[in-house]
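Trainee: I have a model open on my screen and would like to go through its geometry with you. Shall we take it one question at a time?

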Amino acid sequence: MIPGQPDSVHLAELTKPSLSDVPDGRGVLVRVLRVGVDGTDREINAAEYGHAPDGYDFLVIGHEGLGQVEAVGPNVTFLRPGDYVVATVRRPGHSLYDQIGLQDMTTDSEYYERGINLRHGYLTEYYVEDEQFVVKVPRALRDVGVLLEPMTVAQKGIAQAYEIQRRLKVWQPRKAAVMGAGTLGLLATLALRLRGLDVTTFGRTPRPYVNADLLENIGARYINTADRSIVSASEEFGPFDLIFEGTGASSVVFDSMLATARNGVLVLTSITGGSHQLTIPADRINLEFVLGNKVMVGSVNASRDNFEAGVRDMAMAEAEYAGWLRRLLTDRIDGLDNYRDLFARLQNPDGAIKIFCEVAPL
C-alpha cells in the first residue's frame with residue numbers, strides 16, 4: 001500500500017532478499033507460506049496510519065506470517081533449513097527498553113513494526129531476518145502457526161497481569177472475563193482456560209454463533225451483551241480477578257472497570273481512535289479502584305518471550321483441545337494474485353474468524 005492513499009493495496013515486484021542483507025552472518029531466509037490479515041491491515045489500507053521504510057514509497061503489509069526457513073547464514077545457531085517459523089513484529093528503536101529486547105515497551109515516539117510502520121511486512125514470497133527475531137514453530141503446529149502472532153497479544157496482556165500482581169505476594173485468580181469474542185477474544189479465552197481459570201467471554205452476536213460454540217468447547221461461557229450487561233453478568237459470574245479487554249469499544253472499558261474484583265487487574269489491548277465521549281460513574285469507579293487496590297494497564301504486543309509462550313500454549317491446546325485451533329482458520333484466500341479478494345473479505349468479515357492468504361503450500 002501507498003501511505004496516505006486509501007485503498008492503494010497493490011502487487012509490486014521486489015527483488016528476492018539475500019542472507020547478506022543481514023550483518024554478521026545471522027540472516028535467516030524465509031519462504032512465506034501463510035499470512036493472516038486483521039483490522040490493522042484494513043486500517044493501514046484505509047490510510048489511517050502506517051509509513052513506508054526509508055527508500056520506498058510503499059509499505060509491504062502483513063504482520064501475521066508463517067514461513068519455512070530456506071537458508072541460514074554461517075552464524076545462525078538454532079534454526080535450520082526446513083524449520084517452520086514466525087517472525088516477531090516490533091524492531092528496536094533507541095530507548096533503553098529497545099536495547100534490551102523489549103521493543104514493545106519502547107518510550108520512543110517513533111516505533112518500527114514489520115508490516116505496520118517503517119518496516120516491510122510478510123505479505124510477500126520471501127523475507128530475510130536476523131535470527132534473534134525469528135521464532136521456531138514445531139512441525140506439529142504448522143497448520144495453525146499463522147495464529148501465533150495474534151496469540152501473542154493475549155500472551156503479553158496476561159503475562160503483564162501476573163507480573164503486576166507480584167505486588168500482592170500471593171495472587172490466585174479464579175475468575176476471568178474476556179471482552180470480545182473475535183479471534184483475539186477466542187485466543188485470550190483459550191490462554192486463560194489453559195491456566196485453569198473460570199472464564200466468561202462477552203460478545204455482541206446472538207446465537208446461533210460459531211464462536212460461542214467454540215468457547216463452550218473449551219469450558220468457557222458466552223454472554224451476549226445485547227441480552228445481558230457486563231455489570232449484571234458480573235454479579236452472577238464475577239467479580240473478575242482478571243479482565244482482558246480487546247473489543248476496540250471504549251465504552252466497554254468503563255463497564256469492565258465496574259466488573260473488576262478487589263485486587264483485580266483490567267488489561268487493555270485494543271486501539272480506539274476517534275473522539276467518542278461518555279457519561280460514566282466516575283466517583284464510583286475511582287472509589288472502588290482505590291479501596292479495592294485495583295489495577296488497569298495498557299498492553300501492546302509483543303516481545304520474543306511472548307511469542308515463545310504462545311508456542312507453548314498452542315502446543316498445550318493441541319493436546320488438551322485437539323483440532324480446536326484449526327477451527328479458527330475460517331477463510332483462506334489462495335495466492336498473492338488474489339489480494340483483492342483477500343481485502344474484499346477483510347472489508348466484510350461477517351462470519352469469519354481468521355482470514356488468511358495461502359501464499360505457498362504448507
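**Aromatic pairs and charges over rings**

Trainee: How many aromatic pairs does a search of the whole structure find?
Mentor: Keep in mind that this is a predicted model. Searching the whole structure gives an aromatic pair count of 5.

Trainee: Which kind of aromatic pair do tyrosine 162 and tryptophan 171 form?
Mentor: A pair of aromatic rings is described by the distance of the centres and the angle of the planes. For tyrosine 162 and tryptophan 171 the centres are 5.2 Å apart and the planes are at 70 degrees. An angle over 60 degrees counts as edge-to-face, so the pair of tyrosine 162 and tryptophan 171 is edge-to-face.

Trainee: Over the ring of which residue does the charged end of arginine 90 sit?
Mentor: Two charges over rings are worth a look here. Lysine 16 lies over the face of tyrosine 126, at 4.3 Å from the ring centre. The charged end of arginine 90 is 4.7 Å from the centre of its ring, and that ring belongs to tyrosine 111.

**Helix α4 and its surroundings**

Trainee: How far does helix α4 reach from its first C-alpha to its last?
Mentor: Helix α4 covers residues 183-194, which is 12 residues. At 1.5 Å a residue, 16 Å is expected. The model comes close to that, with a reach of 17 Å.

Trainee: How many of the residues of α4 are buried?
Mentor: The helix is mostly covered. Among its buried residues are Thr183, Leu187, Ala191 and Leu194. The buried residues of α4 pack against α3, β9, β10, α5, β12 and α9. Of the 12 residues in α4, the number buried is 11.

Trainee: Which residue just after α4 takes a positive phi?
Mentor: Look just past the end of the helix, where phi is about 85 degrees. The residue there is glycine 196.

Trainee: Where does leucine 118, with its positive phi, lie?
Mentor: Phi of leucine 118 is near 70 degrees, a positive value in a residue other than glycine. Leucine 118 is buried, at a relative accessible area of 12%. Its place is strand β6.

Trainee: Is asparagine 263 buried or partly exposed?
Mentor: Asparagine 263 also has a positive phi, about 60 degrees, although it is not a glycine. This residue is in strand β13. With a relative accessible area of 29%, asparagine 263 is partly exposed.

Trainee: Which residue does a cis peptide bond join to glycine 238?
Mentor: Omega of that bond is about -5 degrees.

Trainee: Where does alanine 302 lie?
Mentor: A cis peptide bond joins asparagine 301 and alanine 302, with omega about -5 degrees. Alanine 302 lies in the loop between β14 and α9.

**The whole chain**

Trainee: What is the radius of gyration of the protein chain?
Mentor: The chain has 10 helices and 16 strands. The globule rule gives 21 Å for 362 residues, and the chain is close to this, so it is as compact as a globular protein of that length. Its radius of gyration is 21 Å.

Trainee: What share of the residues in the protein chain is buried?
Mentor: The accessible surface comes to about 16700 Å², and 48% of it belongs to carbon and sulfur atoms. Counting over the 362 residues, the buried share is 52%.

Note on methods. Residues are numbered from 1 along each chain as its sequence is written. This is a predicted model: local features need pLDDT of at least 70, side-chain atom pairs count only at pLDDT 80 or more; totals for chains, interfaces and linings use all residues. Side-chain values use heavy atoms; hydrogens and water are left out. Helices (H or I, at least four residues) and strands (E, at least two) are DSSP runs, numbered from the N terminus. The expected span of a helix is 1.5 Å times one less than its number of residues. Buried means under 20% relative accessible area, exposed over 50%, partly exposed in between (1.4 Å probe, protein chains only). Contact means heavy atoms within 4.5 Å. Rings of Phe, Tyr and Trp (its six-membered ring) pair if their centres lie within 6.5 Å; planes under 30 degrees apart count as stacked, over 60 as edge-to-face and the rest as tilted. A charge sits over a ring if NZ of Lys or CZ of Arg is within 6 Å of the ring centre and within 35 degrees of the ring normal. The radius of gyration is taken over C-alpha atoms; the globule rule is 2.2 Å times the number of residues to the power 0.38. Accessible areas come from the Shrake-Rupley method with a 1.4 Å probe; for residues, only the protein chains shown count as cover.
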